[in-house]
Every structure is written in structure tokens, then in C-alpha cells.
Amino acid sequence: MIELLVVIAIIAILMAILIPSLNKVRESANRSICSNNIRQHLIGLTMYADDTNGKLPPGASGWLWDMDREITVQLMENIGLKPAENDEETPAPDVFYCPSNLTHKRSRQLCWDYHHPGGDRASYRITGYFWLLDTLDRQGESAKPEIQGSGNKDWVSQINIKRAAESELVIDVTLSDPSYPSQVYPDGNFEKIVAGSAQGQYTGYHDTTSHLKSDKEGAGGNIGFTDGHVDWRHFSEMERRYGNTPIHWW
């Protein structure tokens with residue numbers, strides 16, 4: 001019995017040592033896949049702009065991960081993916097979702113074929129990335145609010161712009177909910193986003209940041225720039241950029 005307990009204790013110690021290392025290896029692999037996903041979207045958007053005199057598609061709504069259904073179909077075709085003849089039957093493509101985001105792993109198809117709480121089918125899809133695309137009004141002016149934080153950050157409406165290598169276009173989801181007690185969550189909750197979301201009510205899952213350090217902080221994210229390159233940005237280098245409930249970071 002004593003020998004058995006010793007063996008069990010040794011196994012427990014080894015597991016405690018190995019599991020964090022395995023988690024790090026898994027997350028490193030996920031980041032690489034995620035980076036390639038964003039690179040594919042940059043290619044798809046560039047091809048879209050080539051057919052529209054340099055213009056990029058508009059943003060779909062106030063949540064930056066929403067994408068118009070017709071645009072998702074065009075982007076799929078641009079990167080060599082063929083939608084089903086009946087668009088409602090198209091499985092949610094892996095390329096539109098970060099492999100580190102557990103909520104999207106569980107409810108991906110519900111996001112892809114999103115229906116409003118009333119039951120009507122939405123004109124947009126909830127994807128796994130933020131699209132920093134401008135939305136223009138009838139006069140051709142930006143209908144989006146100013147991007148918060150430091151630096152000269154702009155919503156992107158054209159592929160051929162100055163400072164393209166510095167202009168973020170497609171980025172990982174880093175999102176926080178400020179409705180939690182500020183003394184516990186000074187920057188909001190990054191793991192459980194309740195504010196403004198019907199997803200937790202209708203799917204059983206809440207929205208979450210893709211790459212988490214803890215519920216109080218993101219780990220960072222892959223950033224795809226308008227010139228086509230992708231870099232990793234640590235959360236310490238991110239700022240509050242958009243929205244109050246919830247907060248979008250990059």
C-alpha cells in the first residue's frame with residue numbers, strides 16, 4: 001500500500017510539472033495557426049480590394065467581430081474555400097476562428113449561423129477576429145466613433161493607404177467586460193463577457209478573449225496589418241481602443 005501511494009504521489013508530481021509545459025506548447029501551436037488564419041484574411045481582403053478599386057468592405061456592426069454574411073462568402077472564395085450551395089448549410093470554417101478561443105470552439109456553428117434572440121437570422125456572422133473596417137455614411141464619411149488611446153489610429157476603408165505597415169486591419173479578439181467590480185477587475189473581466197451579449201443566454205456560453213493570461217488580463221494577440229504582415233503583440237502593449245460595454249483592446 002505504501003509503495004502504491006508513493007507511485008501515485010510521483011505521478012501527481014510529474015503531472016503537475018508536465019501539464020503547464022504541455023499547455024504552453026499547445027498555446028504556442030494555436031498562436032501559430034491563429035497567425036496563419038489572419039494572414040489568410042489579409043490575402044482575402046486584398047483580393048476583395050483589387051476588384052473594388054482599392055476599397056475594403058464596410059464593418060457590419062458595433063461589435064468588431066461581426067462580418068456581413070455576403071462578405072464572408074466572398075472572403076472564403078478568395079482564399080480557396082467553397083461555400084455550400086445553400087449558405088445556411090456551410091460549416092463554420094476553421095480559418096474564421098482562433099483555436100485558443102474555447103467559447104468559439106464550443107459554439108462556433110451558432111456564431112457562424114447567428115440568429116437574433118427573436119429568432120430572425122442575422123445579416124452578419126459572429127467571427128473569431130476583430131475587423132477594423134470603416135463604415136461609411138451616405139456622404140462617404142466615417143460613421144464610426146474615434147478610436148481611443150494613443151497614436152494616430154484610424155478605421156480602414158482602403159487597402160492602399162499611408163502607414164499601411166502600422167495600420168491594424170484584422171486582429172485577435174481581446175475583449176473585456178467592465179460591469180464587474182473594479183476593485184477586483186480594474187480593466188474588466190476578460191474571460192467572461194456578459195455585457196451587451198445575448199450569446200451566454202441563448203447558447204450557454206459567454207464571450208471571451210481568445211488568448212488569456214487570466215480573467216483579469218489578456219495574454220496578447222496576433223495583429224494583421226494592412227500591408228499584409230502579422231505580428232504578435234503582448235497585452236502590456238495594448239490599450240483600450242473602442243467601446244465601453246464591452247471594451248475592445250489592441
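Guide: Helix H2 is followed by Gly 80, whose phi is positive, near 90 degrees. The model is a predicted one, in which local features need pLDDT of at least 70, side-chain atom pairs count only at pLDDT 80 or more, and totals for chains, interfaces and linings use all residues. Residues are numbered from 1 along each chain as its sequence is written, and side-chain values use heavy atoms, with hydrogens and water left out.

Visitor: What makes helix H2 mostly covered?

Guide: Of the 10 residues in H2 (residues 69-78), 7 are buried, a word that stands for under 20% relative accessible area with a 1.4 Å probe, protein chains only. Among them are Ile 71, Val 73 and Leu 75.

Visitor: Why does Cys 98 count as buried?

Guide: Cys 98 has 0% relative accessibility, which is under the limit of 20%, and therefore it counts as buried.

Visitor: How do you know that the sulfur of Cys 98 is too far from Cys 34 for a bond?

Guide: A disulfide is a pair of cysteine sulfur atoms within 2.5 Å. The closest cysteine sulfur to that of Cys 98 is in Cys 34, 3.6 Å away, so the two are too far apart for a bond. A search of the whole structure finds 0 disulfides.

Visitor: Why is one side of strand S3 and of strand S9 left without a neighbour in the sheet?

Guide: The open sheet has 4 strands in the order S3-S4-S8-S9, with antiparallel pairing, where two strands pair if DSSP finds at least two bridges between them. S3 (129-131) and S9 (230-234) stand at the edges with a single partner strand each, so one side of each has no neighbour in the sheet.

Terms used
Helix = DSSP H or I, 4+ residues; strand = E, 2+ residues; numbered from the N terminus. Buried < 20%, exposed > 50% of the residue type's maximum accessible area, 1.4 Å probe, protein only.
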